[in-house]
Amino acid sequence: MNPAIPQSTLGRDLGLVFWQIRYEQRAYWRNRGRGVFTFVFPIMFLVIFASLDKGQTISTRGNIAFNDFFVPGILAYGIIATTFVNLAIGTAILRDQGILKRMQGTPLPRWAYVLARIGSASIVMLMMTAVVLGLGAAVWGLDFRAGALPGLIVSLVLGTACFTTIGVGITQFIPNAEAGPVVVNLAVLPLTFISNIWFPIDSLPQALKTIAGLFPIKALATSLQYVFDPRHHGAGLDGTDLRVLAIWTVVGVWLMIRFLRKPMGDVG
Amino acid sequence: MNSIPTQADELAIEVHDLRKSYGENLAVGGVSFDVRRGEVFCLLGPNGAGKTTIVEILEGYRTRTSGEARVLGIDPATSARTLREQVGIVLQQCGVQPDLSVYELVEMYGRYHARQRPVDEVIQLVELTEKRDERAKKLSGGQRRRLDLALALVGDPELIFLDEPTTGFDPQARRQAWSTIRSLCQLGKTVFLTTHYMDEAQFLADRVAVMRGGQIIASGRPDELGGRDLRPAEIRFELPDGVGLDEVPDLPAEGRELTGPRVTIHTRQPVRAAQIITSWAVDSEVDLAHFSVAQPSLEDIYLELTGSGGHAQPVAEEATV
């Protein structure tokens, strides 16, 4: 007695992901606060600090230019801001406003919605990457070897996979939307100071280096710095750090699935 | 709506002995009812009666503790996509992407459905055409609620859940929402409504189930609920100073009450009784103020059933918790 409902196919669902990315993009760029916090901040930090440190070299690293270290470091920070920070704060807001609950009541599969959110964050990440690397090359003489392209691609892909999935998954530890920026900054900011983002950690105590080595922030920064380090030749693949990113990606996927499995309505 | 269906596929919703407990707390204690295709069914009850728990179980948001539930022939606990394709949901409080416009939102939610209605037609149906390009965050409360309805309708659902759709509306906005909901019925849709407004149930519902303490304590057509159509009518008036109740002539009545100058007469023959009273009043030149004849209102029945009124008559069934 019902008019037949067309069968959904994977092709149609992927089409939905594409459309959803477009809506997510529109919503992202219209929210100025979010854009400043995640997209503008990394670029602003780059401009300020790279200008201040212009011409300096790093003695512990064979006197390479400071900005050959700092530009990829701030790129890592930007990737974390546009993926992890963006998704963690954004998903907590979506949950608190009941939008996740509303989405759950529609025929859009949950995986398709999350994939679109991740896809949209990745677009912002790529735009930020283009601006940071473009400015780095044009203004601060960042040197990029074409041979290191595989290293750059693998670092970007693994970094994005790692920090988007953790970003969505960490929402389950954010009690409410107001707490979002607090939780996210507590998780990120302290680690950035021991993770080769703002300055080289070469002369820090070994204990701090060991702690930083457990987390993906230093892994992403260091793997990107490896790509742009003029002393290195080859494909730019930094094995140890990429392995850490891969392990955290597995953790992120697990966290994300754990978060998505919970129904949005049952409070009991 | 007007024939008596016997086959299961004539039923949009079947619920049998549905229970939901949160730990020790029994939110819904053994509820059974059916909703026919094409009718407006209303769960009426005070806050905390268990209405939203039932709706959210039927919508697939909550799991039931025990009992049976079928929505369009599908178990809602499976959260099947075919079910979500055929059901439109207006939740009690639910946000929407604040930075997208009305048009973009209706279009976006429409895309999720394999079958959809034209975006502008839906926007027109909920009377938001003037706000078509406004961002959702700039809409008023009533406009937001109409947007909620638009998002539930754009997938051309068979069945629409409306959980307290007009709470917080001003009277004019409520009338507007009611006429929109009425127009859904003309499209042949089934509507499952919850409300704590009696007039809303009266105006919209084909059948009403009254809930209290997690149980259905009465159900039926709004005009039959609680035996409303079988109850004595009430004749009310005020006696002027110096006239006593004993001066009112004999008339067919079940009972008489006097509260200060106000008289209430319960009678099963309201026409005759009223004629006797008015003839006496005219003949003896007694001025009866605030004279009225009425059946007990749905509100009287509701207050009596839910135990929140001052009526002495006991409620038929007590909620067992």
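User: Is Glu285(B) buried or exposed, and how many other C-beta atoms lie within 10 Å?

Analyst: A residue counts as buried if 20 or more other C-beta atoms lie within 10 Å of its own, as exposed if 12 or fewer do, and as partly exposed in between, with C-beta atoms placed from the backbone. Glu285(B) has 6 other C-beta atoms within 10 Å and is exposed. This is a predicted model, in which local features need pLDDT of at least 70 and side-chain atom pairs count only at pLDDT 80 or more, while totals for chains, interfaces and linings use all residues. Residues are numbered from 1 along each chain as its sequence is written, and chains are lettered from A and ligands numbered from 1 in the order in which they are written.

User: What is the phi of Glu285(B), and where does the residue lie?

Analyst: Most residues other than glycine have a negative phi. Glu285(B) is not a glycine, yet its phi is positive, near 55°. The residue lies in the loop between helix H8 (270-283) and strand E13 (289-294) of chain B; helices (H or I, at least four residues) and strands (E, at least two) are DSSP runs, numbered from the N terminus.

User: Where is Glu127(B) found, and what is its phi?

Analyst: Glu127(B) is in the loop between helix H4 (119-125) and helix H5 (141-153) of chain B. Its phi is positive, about 60°, although Glu127(B) is not a glycine. With 16 other C-beta atoms within 10 Å, Glu127(B) is partly exposed.

User: What is the strand order in the open sheet of three strands in chain B?

Analyst: Strands of a sheet pair through backbone hydrogen bonds, either parallel or antiparallel. Here the order is E2-E1-E4 (chain B), and the pairing is antiparallel; two strands pair if DSSP finds at least two bridges between them. Strands E2 (25-36) and E4 (66-71) of chain B are the edges, each pairing on one side only. Strand E1 (residues 11-22) of chain B pairs with E4(B) over five bridges. One bridge partner in E4(B) is Glu68(B), which faces His16(B).

User: Which helix packs on this sheet?

Analyst: Helix H1 (residues 51-59) of chain B does, touching E1, E2 and E4 of chain B. Contact means C-beta atoms, placed from the backbone, within 7 Å. The direction of H1 makes about 120° with that of E1(B); axes are lines fitted to C-alpha atoms, for helices over the stretch in contact, and angles run from 0 to 180 degrees between N-to-C directions.

User: How many helices and strands does chain A have?

Analyst: Chain A has ten helices and two strands. Buried residues make up 45% of its 268 residues.

How values were computed. Contact = placed C-beta atoms within 7 Å.
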